[in-house]
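Have your viewer ready and your selection tool to hand. We will go from one stop to the next, and at each one I will say what to select and what is there.

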Amino acid sequence: MRIAMIGTGYVGLVSGTCFSEFGIDVTCVDKDAGKIEKLHQNIMPIYEPGLDDMVAANVEAGRLAFTTDLKSAVRDADAVFIAVGTPSRRGDGHADLSYVYAAAEEIADAMTGYTVVVTKSTVPVGTGDEVERIIRARRPDAQFDVVSNPEFLREGSAINDFMRPDRVVIGTESDAARKVMKQLYRVLYLIETPIVFTSRRTSELIKYAGNTFLATKITFINEIADLCEKVGANVHDVAKGIGLDGRIGKKFLHPGPGYGGSCFPKDTLALVKTARDFDAPLRIVESVVAVNDARKKQMAERVVAACGGSVKGKTISVLGLTFKPNTDDMRDSPSLDIVAALVEAGAVIKAFDPEGMEEAKKLLPEGVEYCKDAYATMPGAHCAVLITEWNEFRALDLKKVKSLLAQPAIVDLRNVYVPEEMAELGFTYTSIGRP
């Protein structure tokens, strides 16, 4: 089989590479000639563990190619995946579908023979209908079906998520399209991966509903953490106690500074907008969005408190900038709000992140000093703030940390360390939801 993957961002590049690992001939397309040239040199535009090796192996095997020529890639393809960005639209927070619709127009012009057009991008309910209308209007004679096939990839473990997923969701009511999609996912079918066939609109909603539910779990445990601090309870024990209930589950019950990244912020906003458009407002989700936005801003207040009520003229060591470990993604990271608030309050920021500093430089205020490692952020600092729980921060030499800091204060926004051990070492230690 042959497929074309339109877009070489996170979803398109990982999905295309993994399909080629299944033995399918894949051509990934992008308008950015510089990005394609780097991919030809095996230079990845994103950080994802193991992706460069998998790309190199499949390029060498002749199953994976990269091009800016959409027409040649789409011609004679059995399926064409739309995996372009759908960022939040300014003003109302709805998904910006302009890239999706532009791709649909170009695909319509390039198709030859029966083609399955697959929306892999995260799109609101009804987008597939509009993609079908666009193609039909441009090519009334074309033989095609439009299918929804949402992605469920977690940054940092995306390859495993694609190769060994919890489920695959496919939205189509066409027998011909179903046959093509089953063949594409044949490898997963053989290892008995659940494959959910449903209607196109249902498939589109599944993606948003799933991400929004996970965002709700995160926001719920963050509010419970605040309550734990007030009543003297331990949020980790609360999370364990409720997570062992099979109806709840233990995942996404880790307190922190709020969710960020490429999915949860924009998907919750888009679902809120869709619900309002259909006069079925989702009050729980609206609250989740509001609470999460406020939480990220409140985290800077913990740092100020740890510094005696003022950070003016004080140096703050910041450990971790990306929204989660094992990625270079800075989109909606809590660090953006925290660092900006501290800079506004007069703090001097010294920061380190293993992968995200180049992206951070584009988004954080001027004047932030980026350091070569975690320890380089600490000399003379009045407080160290752990924002992202990279593994290397879990194994810091805490005695060395204490010797470098001007005062032994740590604000741990990911609960990496044990309060009792920090007290024994003489740190003024602030965590989330623990006495």
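This is a predicted model: local features need pLDDT of at least 70, side-chain atom pairs count only at pLDDT 80 or more; totals for chains, interfaces and linings use all residues.

Start with the largest nonpolar core, which has 52 residues. A nonpolar core here is a set of buried Ala, Val, Leu, Ile, Met, Phe, Trp, Tyr and Cys residues joined through side-chain atoms within 4.5 Å. Buried stands for under 20% relative accessible area, exposed for over 50%, and partly exposed for anything in between (1.4 Å probe, protein chains only). Select Ile 316, Leu 321, Leu 342, Ile 349 and Cys 383: these touch the most other members of that core.

Now keep Leu 321 and show its contacts, meaning heavy atoms within 4.5 Å. Beyond its neighbours within four places in sequence, its partners include Met 330, Val 339, Ala 351, Met 357, Leu 364 and Tyr 370.

Residues are numbered from 1 along each chain as its sequence is written, and side-chain values use heavy atoms, with hydrogens and water left out.

Next, the rings. Phe, Tyr and Trp rings (for Trp, the six-membered one) pair if their centres lie within 6.5 Å; planes under 30 degrees apart are stacked, over 60 edge-to-face, and the rest tilted. The count comes to nine aromatic pairs. Pick Tyr 259 and Phe 264: their ring centres are 6.0 Å apart and their planes at 80 degrees, so this pair is edge-to-face. Both residues, Tyr 259 and Phe 264, are buried. Then select Phe 19, Phe 22, Phe 81, Phe 162 and Tyr 185, which ring pairs link into a cluster.

Two charges sit over rings (NZ of Lys or CZ of Arg within 6 Å of the ring centre and within 35 degrees of the ring normal). Arg 167 is over the face of Phe 152, 3.7 Å from the ring centre, and Lys 400 is over the face of Tyr 375, at 4.1 Å.

Move on to helix H3, residues 51-60. Helices (H or I, at least four residues) and strands (E, at least two) are DSSP runs, numbered from the N terminus. Which residues of H3 are buried? They are Leu 51, Met 54, Val 55 and Asn 58. Down the axis of H3, these fall within an arc of 100 degrees (taken from the directions from the helix axis to the C-beta atoms), so they line one face of the helix. On the other side of H3, Asp 53 and Glu 60 are exposed. Helix H1 (10-21), strand S3 (64-67) and helix H7 (158-163) are among what covers the buried residues. Ser 20, in helix H1, is buried at 0% relative accessibility and touches Asn 58 as well as Val 26, Arg 63 and Leu 64.

Finish at the open sheet, whose six strands run in the order S11-S10-S9-S12-S13-S14 with parallel pairing; strands pair if DSSP finds at least two bridges between them. Strands S11 (369-370) and S14 (428-430) stand at the edges, each with a single partner strand, so one side of each is left without a neighbour in the sheet. Three bridges join S12 (residues 383-386) to S13 (residues 409-412), and Ala 384 stands opposite Ile 410 in S13.
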